[in-house]
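Me: I would like to go through some labels used for a protein model. Please set each value against its definition.

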Amino acid sequence: MKVIAEPSLVQKQSLKWLQAKKTIGFVPTMGALHEGHLELVRQARKENDHVVASIYVNPLQFGPQEDFTKYPRTLVADLKMLEKEKVAMVFTPSDKEMYPEGFSTAVKVSGPLVKGLCAPFRPGHFDGVATVVVKLLGAVGPTRLYLGQKDGQQAALLRQVLIDLNLPTETVICPIVREYDGLAMSSRNKRLTNAGRRAAPVLYKALKVGKSLFDLGEVETSKLLSEVKKIIQEEKSVQLQYLDAVNSKTLQPVTRIEKGSMLAVAAFVDEVRLIDNIVL
């Protein structure tokens, strides 16, 4: 497995593969890898000749009050996991390589995809995500980009960014991978206390109640979300930030829920921000 920090060397290797008519599956990560990341790698390996992953904690997507300095960094363990999964190359740039002196270009996103859900609570976050992913794609030049559905807004947004900028990479969005009790796998879960870890699965429990209500015929958004909210509020240590029902592709709010709608939630547990969603 090649571990490369310089974008130009990553480009050189990727170009060799592409010129040899080989396909490349790319999994961008911020490290602190877990089974959710590895499932993306496995899917990429099934569908491509080579898999490339990146490990980079991107400062542009963290707000001033967010957890950039506390975000877990476990590079040695991450590389061992990726090598075991037969990843061909890992891109591990530094801030200097990603944003050198004089860097003055950014991707600005707008429209319905960044009007609701996480966007109002994290100003500038999705611009930072779009900018770093476009830069990573410029280095790797992959055939396919693999993203997780847990970050449903991010996945929908990046799919649109690739379309809007005429980037030739296909977007593949993979299902959420969960812990034994339903908690969506996240690098931030490592920061939960034991009590917080016991409380956090209420988010998925509540979303499943919403799905059950829909399956039983409830389509009025306000009624369905009211019942879901009650479940979350039973867990006093969980502070709800938002609970919404949107179209899973456009992220436009829906007043009547239908097949393809997404129930999405964000909440704080132990001051750790967790997100989850379920597509009906």
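**Labels and their cut-offs**

Reply: Asp67 and Arg191 form a salt bridge, with their closest N and O atoms 2.7 Å apart. This is a predicted model, in which local features need pLDDT of at least 70, side-chain atom pairs count only at pLDDT 80 or more, and totals for chains, interfaces and linings use all residues. Residues are numbered from 1 along each chain as its sequence is written, and side-chain values use heavy atoms, with hydrogens and water left out.

Me: Why is the pair Asp67 and Arg191 called a salt bridge?

Reply: The term requires a side-chain nitrogen of Lys or Arg within 4 Å of a carboxyl oxygen of Asp or Glu. Here the closest N and O atoms are 2.7 Å apart, so the label applies.

Me: What makes Asp67 buried?

Reply: Buried means under 20% relative accessible area, exposed over 50%, and partly exposed in between (1.4 Å probe, protein chains only). Asp67 has 13%, so Asp67 is buried. Arg191 has 26% and therefore counts as partly exposed.

Me: How do you know that Lys150 and Asp151 meet in a salt bridge?

Reply: Their N to O distance is 3.7 Å, and the limit is 4 Å. Lys150 is buried at 16%, whereas Asp151 is partly exposed at 27%.

Me: Why is Ile4 called buried?

Reply: The relative accessible area of Ile4 is 13%, so Ile4 falls under the 20% limit. Leaving aside neighbours within four places in sequence, Ile4 is in contact (heavy atoms within 4.5 Å) with residues including Leu9, Met89 and Phe91.
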